[in-house]
Structure formats: C-alpha cells, structure tokens
Amino acid sequence: MRLTQRGLKGALFRYQIMANIVGVLIIPLFIFTGLHIAGAGSFKLELAVFGVGHGYLYIVYLITAGFLALKARLHIPWIILMFAAGLIPGVTFLTEWLVVTKKIHPQLAAQAAEAASESGVS
C-alpha cells in the first residue's frame with residue numbers, strides 16, 4: 001500500500017495527501033472568517049469546525065512535510081516554503097507542485113537510473 005510505503009516515494013505520497021487536505025480546508029476557513037468579520041453572519045460553528053480541523057491537520061501536514069524534507073534532503077528555504085504554504089489559501093497546491101516537479105521527481109529519476117545501472121552490471 002502506498003500510504004505505508006517506506007522511502008522517498010512513501011514520504012512523497014503522504015505529503016501530497018496532507019498538502020491537498022490542508023489546502024482544501026483552509027479555503028472555507030478564510031471565506032467564513034471574512035464573512036464573520038464583514039458581519040454577514042455569525043458562522044461560529046463553521047469557524048470552529050474548519051478552524052479546529054485545519055489546525056490539527058496542519059500539525060500532521062508539518063510532520064509529513066518534515067519527513068519528506070529529511071528523505072529528500074531539501075534545503076532550508078524549501079522547508080520554510082513547505083511549512084508556510086499551509087497557512088495561505090491556495091499556496092499549498094502551488095508549493096506541492098513546485099516541490100514535486102523541481103526537487104522530488106529529479107531525485108526519483110536519479111534513483112531509478114542508479115537502480116537500472118546496478119541491475120545491468122550484475
């Protein structure tokens with residue numbers, strides 16, 4: 001199962017799941033916060049549900065992003081970008097795409113090429 005897979009691929013899959021969940025939850029949180037501040041209604045229940053949900057799942061997102069950063073040996077600016085992305089609506093999706101295409105896929109391709117060359121030598 002991909003969720004329990006070890007190594008870089010497993011860490012990437014778990015990060016992508018959490019990035020999408022946190023990214024989706026923060027959008028209605030900001031919408032209801034804006035409506036609450038504008039005085040369009042109370043929205044206390046909605047703010048509590050989305051606020052608590054996003055808050056707890058953001059912690060899980062930070063852990064999965066940290067594990068991915070350790071597995072991929074990402075530099076500090078990439079880690080800061082990943083951590084901050086969960087706090088701004090929409091940025092999580094962009095950051096996830098950037099990290100995967102610019103950092104992770106090249107590493108996975110290098111690992112695959114290394115494995116192919118080792119199996120060809122044997």
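The dialogue below sets computed values against their definitions.

Tutor: This is a predicted model, in which local features need pLDDT of at least 70, side-chain atom pairs count only at pLDDT 80 or more, and totals for chains, interfaces and linings use all residues. Residues are numbered from 1 along each chain as its sequence is written, and side-chain values use heavy atoms, with hydrogens and water left out.

Student: What makes up the protein chain in terms of helices and strands?

Tutor: The protein chain has 4 helices and 0 strands, and its elements run α-α-α-α from the N terminus. Helices (H or I, at least four residues) and strands (E, at least two) are DSSP runs, numbered from the N terminus.

Student: How does the radius of gyration of the protein chain stand against that of a compact globule?

Tutor: The radius of gyration is taken over C-alpha atoms, and the globule rule is 2.2 Å times the number of residues to the power 0.38. A compact globule of 122 residues would come near 14 Å, but the protein chain has 18 Å. Its C-alpha atoms fill a box of roughly 70 × 30 × 15 Å along the principal axes.

Student: Why is His54 called buried?

Tutor: Buried means under 20% relative accessible area, exposed over 50%, and partly exposed in between (1.4 Å probe, protein chains only). His54 has 7% relative accessibility and therefore counts as buried. His54 lies in helix 2. Contact means heavy atoms within 4.5 Å; apart from neighbours within four places in sequence, His54 is in contact with Val22, Leu25, Ile26, Leu29 and Gly86. Over the protein chain, buried residues make up 30% of the 122 residues.

Student: What makes a set of residues a nonpolar core, and which members of the largest one touch the most others?

Tutor: A nonpolar core is a set of buried Ala, Val, Leu, Ile, Met, Phe, Trp, Tyr and Cys residues joined through side-chain atoms within 4.5 Å. The largest one has 21 residues, of which Tyr15, Tyr61, Leu68, Leu74, Met82 and Ile104 touch the most other members. Two or more residues come from each of helix 1 (7-38), helix 2 (44-72), helix 3 (76-85) and helix 4 (91-121). Helix 1 gives the most, with 7 residues. Leaving aside neighbours within four places, Tyr15 is in contact with Tyr61, Thr64, Ala65, Leu68, Met82, Thr95 and Glu96.

Student: Why is Ile21 called partly exposed?

Tutor: Ile21, in helix 1, has 34% relative accessibility and so counts as partly exposed. Ile21 also belongs to a nonpolar surface patch with Met1, Leu3 and Ile17, together about 390 Å² of accessible area. Such patches are made of residues with over 30% relative accessible area and no salt bridge, nonpolar side chains (Val, Leu, Ile, Met, Phe, Trp, Tyr) being joined within 5 Å and like charges within 9 Å. A salt bridge is a side-chain nitrogen of Lys or Arg within 4 Å of a carboxyl oxygen of Asp or Glu. Accessible areas come from the Shrake-Rupley method with a 1.4 Å probe; for residues, only the protein chains shown count as cover.

Student: Why is Arg73 called exposed?

Tutor: Arg73 has 72% relative accessibility and therefore counts as exposed. Arg73 sits in the loop between helix 2 and helix 3 and has a positive phi of about 55 degrees although it is not a glycine. Most residues other than glycine have a negative phi.
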